[in-house]
Amino acid sequence: MKIIIALAIFLVGCSSTNETRLDRESLRYFASHDWTQWTPMVKASPMYPSSLLTRGIEGCVNIEFIVNEYGRPTKPIVTNSIPAGAFDSTSLEALRKFKYEPTLNNQTKTPILTSNVFTFSHPDSEPKKTRSYWEARCK
C-alpha cells in the first residue's frame, strides 16, 4: 500500500506542465545543437518610440525567451540593450505578438530557448547603421 501511495505522489509531481519544469541551461544546450524545432509564423516589429526617434537615438535589444509548447514566447529576459533600457518595453511588446509553429522535427512540441535582436536605426543617420551592425553589438 505504501508503494502505491508513493507511486501516486510521484506521478502527480511529474504531471506538472513542461513550462514549470523548464531548465534554461538545458534548453540553451538543446537550442545550440538543434535549431530546426520551430518556424516563426508571426514576427512583429516594435514601434520606434517617437521621443527617441526625434532625438536621433538608435539602438538594439536582444531578448532571450522560451518558445513554449503552444508556440508562444515565454519567460523573456533582456540580455543586452543599447542604450540600456531605452527600447526594452517596445521590444517586449512586439515579442508578445510572435507565434511559432512546430516543424516536422518537433511533433512533440518540445519547448526551446532562443533569442531575437530588435534593431532601431534612424532613417536619416549617416552613415546608415544596418541591422547586422546592431546585431553584432547586441548579441
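**View 1. Ile66 meets its partner across two strands.** In strand β3, Thr74 is the bridge partner of Ile66. You're looking at a predicted model, with residues numbered from 1 along each chain as its sequence is written. Local features need pLDDT of at least 70, side-chain atom pairs count only at pLDDT 80 or more, totals for chains, interfaces and linings use all residues, and side-chain values use heavy atoms, leaving out hydrogens and water. Strand β2 covers residues 59–67 and β3 covers residues 73–82 (strands are DSSP runs of E, at least two residues, and helices are runs of H or I, at least four, numbered from the N terminus). Seven bridges join β2 to β3, and the two run antiparallel (strands pair if DSSP finds at least two bridges between them). Together β2 and β3 make a hairpin with five residues between them. Look for Gly71 in the turn: its phi is positive, about 80°.

**View 2. Strand β2 is tucked away.** Nine of the nine residues of β2 are buried (buried is under 20% relative accessible area, exposed over 50%, partly exposed in between, with a 1.4 Å probe and protein chains only). Gly59, Val61, Ile63, Phe65 and Val67 point one way, while Cys60, Asn62, Glu64 and Ile66 point the other way. In a regular strand, side chains alternate between the two faces of the sheet.

**View 3. Three strands line up as an open sheet.** The order is β3-β2-β5, with antiparallel pairing. β3 and β5 stand at the edges with a single partner strand each, so one side of each has no neighbour in the sheet. From one strand to the next, the twist averages 20°. Helix α5 packs on this sheet, touching β2, β3 and β5, and its direction makes about 130° with that of β5 (axes are lines fitted to C-alpha atoms, for helices over the stretch in contact, and angles run from 0 to 180 degrees between N-to-C directions; contact means heavy atoms within 4.5 Å). Over on the β5 side, β2 pairs with residues 112–120 through nine bridges.

View 4. A search of the whole structure turns up one disulfide (two cysteine sulfur atoms within 2.5 Å). The disulfide joins Cys60 to Cys138, S to S 2.0 Å, and is right-handed, with 95° about the S-S bond. Cys60 sits in β2 and Cys138 in α5 (residues 131–138), so the pair ties together parts 78 residues apart in sequence. Both Cys60 and Cys138 are buried.

**View 5. Helix α4 has a covered side.** In α4 (residues 88–95), the buried residues include Asp88, Thr90 and Ser91, plus Ala94 and Leu95. Among the elements covering the buried residues of α4 are β2, β3 and β5.

View 6. Eight aromatic pairs come out of a search of the whole structure (Phe, Tyr and Trp rings, the six-membered one for Trp, with centres within 6.5 Å; planes under 30 degrees apart are stacked, over 60 edge-to-face, the rest tilted). Phe98 and Tyr100 are tilted, because their centres are 6.4 Å apart and their planes at 55°. Phe98 is buried at 1% relative accessibility, and Tyr100 is buried at 7%. Tyr133 and Trp134 are edge-to-face, 5.0 Å centre to centre with 85° between the planes. Tyr133 is partly exposed at 27%, whereas Trp134 is buried at 6%. Ring pairs also link Phe65, Phe98, Tyr100 and Phe118 into a cluster.
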